[in-house]
Amino acid sequence: MSRKYTVIFMLVLSLLSATGARALSFNLDSIAEWGKFPRFVVNTYRWGDTFFNGYDTTFVKSTGYKFNAKLTTESWADGYSFLLPNDKYIYMLSEPSTSAGVYLTYLAISGGYDVNISKLMGGVDRSRQRFRFGFNCMLFAAELYVIKNDVGTRIKRFGEEGKPLHLNLGFNAINNYTWGIDAYYFFNHKRYSEAASFNFSRVQRKSQGAFYTGFSIYTQKLDFDFKGLPVELRDQLPQNWLDYRYRVNTHNYALRLGYGYNWVFAPKWVLGVSESPIVGVRKGFVNSDIEKVSFSLYNRLKLSVVWNSPDHRFFFGALGKFDVAIVNDEKTTYAGGVLSGEAVFGVRFNLW
């Protein structure tokens, strides 16, 4: 054995002999007995846990587990609407797509991966939110999201408002991509837990709500190429759509305001709702080669129904989400959104 490995081996033996079997324990009290620095780390951790995760036990309860693993299946559809000059409009709706995923949560941190299964069932092969990451404690929450459609949609309405053409025309010349980061603080965080209704890491014992506020930073890229439409449709598009295309490439900086409420309507059951407009400024290109700063508007609505087993080990959830963004330029108003429904089954457990 080389000298380097001999020194390492002797150091490990010394640590084990000094602390005994407790050196292999993850118990906080045992770790605190190792010395001044471990005790400082443990005390700092306990302070942070109380500061970020303190709650009124009359309204919120711990599950008793640090981990939860869950299987999810989600179906979603994209919708797009254009209000055009001369009282004309376009309405599009995509075919629904379905994915299945596996997610793991440890305390406030969660992440996982989705696999698109629509193609296996004869549906549309497309991707959205392939990877998701979130942080949710009692005090605040943060989330990273990705929304993508580069496969296509269907034109359902086209023409004058009140008497449009009713169509079911496939439209594949589309390439939309949005990603963003949100972080927000809960004002009534001692009594309301968003994690109880949307992350499954707390239990809401009595009904309660909370206002919240924070920031949202997101990038929005849209590209609709209409030049492949029949002539009688294409001629109704605005003249300022160069080459019959509608394009957006912007960075958005916004204030997120919202309200969430958890209704404990029966033992072991909670219904959660969260509504949040996101208002700010948009910098970039909106159907033009000239960079501009303008007003931005986004909205997020979430609903959930959650059941917890009596010992809180198992849980089931049904979630619905609706995200919509509005973009204005001089002659066009665009509104695009995603409607999704998700079923979740999971188990909670401890490793230490």
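Visitor: How do the residues lining the second largest pocket divide into nonpolar, polar and charged?
Guide: In this predicted model, the lining of the second largest pocket divides into 4 nonpolar, 6 polar and 3 charged residues.

Visitor: And what volume does that pocket have?
Guide: The second largest pocket has a volume of about 270 Å³. Its lining is made of 13 residues, and those closest to its centre are Val 286, Ser 288, Lys 292, Asp 329 and Glu 330.

Visitor: Which strands supply the lining there?
Guide: Strand E14 (269–286) and strand E15 (292–308) each supply at least two residues of the lining of the second largest pocket, and E15 gives the most, with 3 residues.

Visitor: OK, switching to cavities. How many are there of 30 Å³ or more?
Guide: The count comes to 3 cavities of 30 Å³ or more, and the largest cavity holds about 580 Å³ of space.

Visitor: Which residues lie nearest the centre of the largest one?
Guide: The largest cavity is lined by 31 residues, and Arg 132, Glu 143, Phe 198, Asn 199 and Lys 321 are the ones that lie nearest its centre. Taken by class, its lining has 12 nonpolar, 9 polar and 10 charged residues.

Visitor: What about the second largest cavity, what's its volume?
Guide: The volume of the second largest cavity is about 150 Å³. It is lined by 16 residues, of which Tyr 80, Ile 147, Thr 178, Tyr 334 and Val 338 are closest to its centre.

Visitor: Which elements give two or more residues to that lining?
Guide: The elements that do so are strand E2 (67–84), strand E7 (140–149), strand E10 (176–186), strand E12 (208–225) and strand E17 (333–349). E17 gives the most to this lining, with 4 residues, and by class the lining of the second largest cavity has 8 nonpolar, 6 polar and 2 charged residues.

Visitor: Now the rings. How many aromatic pairs does the structure hold?
Guide: The structure holds 28 aromatic pairs. One of them joins Tyr 184 and Phe 186, whose ring centres are 5.6 Å apart and whose planes stand at 80 degrees, so this pair is edge-to-face.

Visitor: Why does 80 degrees make it edge-to-face?
Guide: The angle between the planes of Tyr 184 and Phe 186 is 80 degrees, and planes over 60 degrees apart count as edge-to-face.

Visitor: Are those two buried or exposed?
Guide: Both Tyr 184 and Phe 186 are buried. Another pair is formed by Tyr 185 and Phe 187, with the ring centres 5.3 Å apart and the planes at 90 degrees, so that pair is edge-to-face. Here Tyr 185 is partly exposed, with a relative accessible area of 32%, while Phe 187 is exposed, with a relative accessible area of 52%.

Visitor: Where does the charged end of Arg 256 sit?
Guide: The charged end of Arg 256 sits over the ring of Tyr 184, 4.4 Å from the ring centre. Elsewhere, Arg 234 lies over the face of Tyr 244, at 4.9 Å from the centre of that ring.

Visitor: Which residues do ring pairs link into a cluster?
Guide: Ring pairs link Tyr 80, Phe 82, Phe 171, Phe 224, Phe 226, Trp 241, Tyr 246 and Tyr 334 into a cluster.

Visitor: Last one: how many helices and strands does the chain have?
Guide: The protein chain has 5 helices and 17 strands, and of its 352 residues, 42% count as buried.

Technical notes: Residues are numbered from 1 along each chain as its sequence is written. This is a predicted model: local features need pLDDT of at least 70, side-chain atom pairs count only at pLDDT 80 or more; totals for chains, interfaces and linings use all residues. Side-chain values use heavy atoms; hydrogens and water are left out. Rings of Phe, Tyr and Trp (its six-membered ring) pair if their centres lie within 6.5 Å; planes under 30 degrees apart count as stacked, over 60 as edge-to-face and the rest as tilted. Buried means under 20% relative accessible area, exposed over 50%, partly exposed in between (1.4 Å probe, protein chains only). A charge sits over a ring if NZ of Lys or CZ of Arg is within 6 Å of the ring centre and within 35 degrees of the ring normal. On a 1 Å grid over the protein atoms alone, a cavity is a set of points where a 1.4 Å probe fits but cannot get out, and a pocket is an open set with protein on both sides within 12 Å along at least five of seven lines; lining residues have an atom within 4 Å of a point. Grid points are joined across faces, edges and corners, and a volume is the space filled by probe spheres set on the points. Ala, Val, Leu, Ile, Met, Phe, Trp, Tyr, Cys and Pro count as nonpolar, Asp, Glu, Lys and Arg as charged, and the others, Gly among them, as polar.
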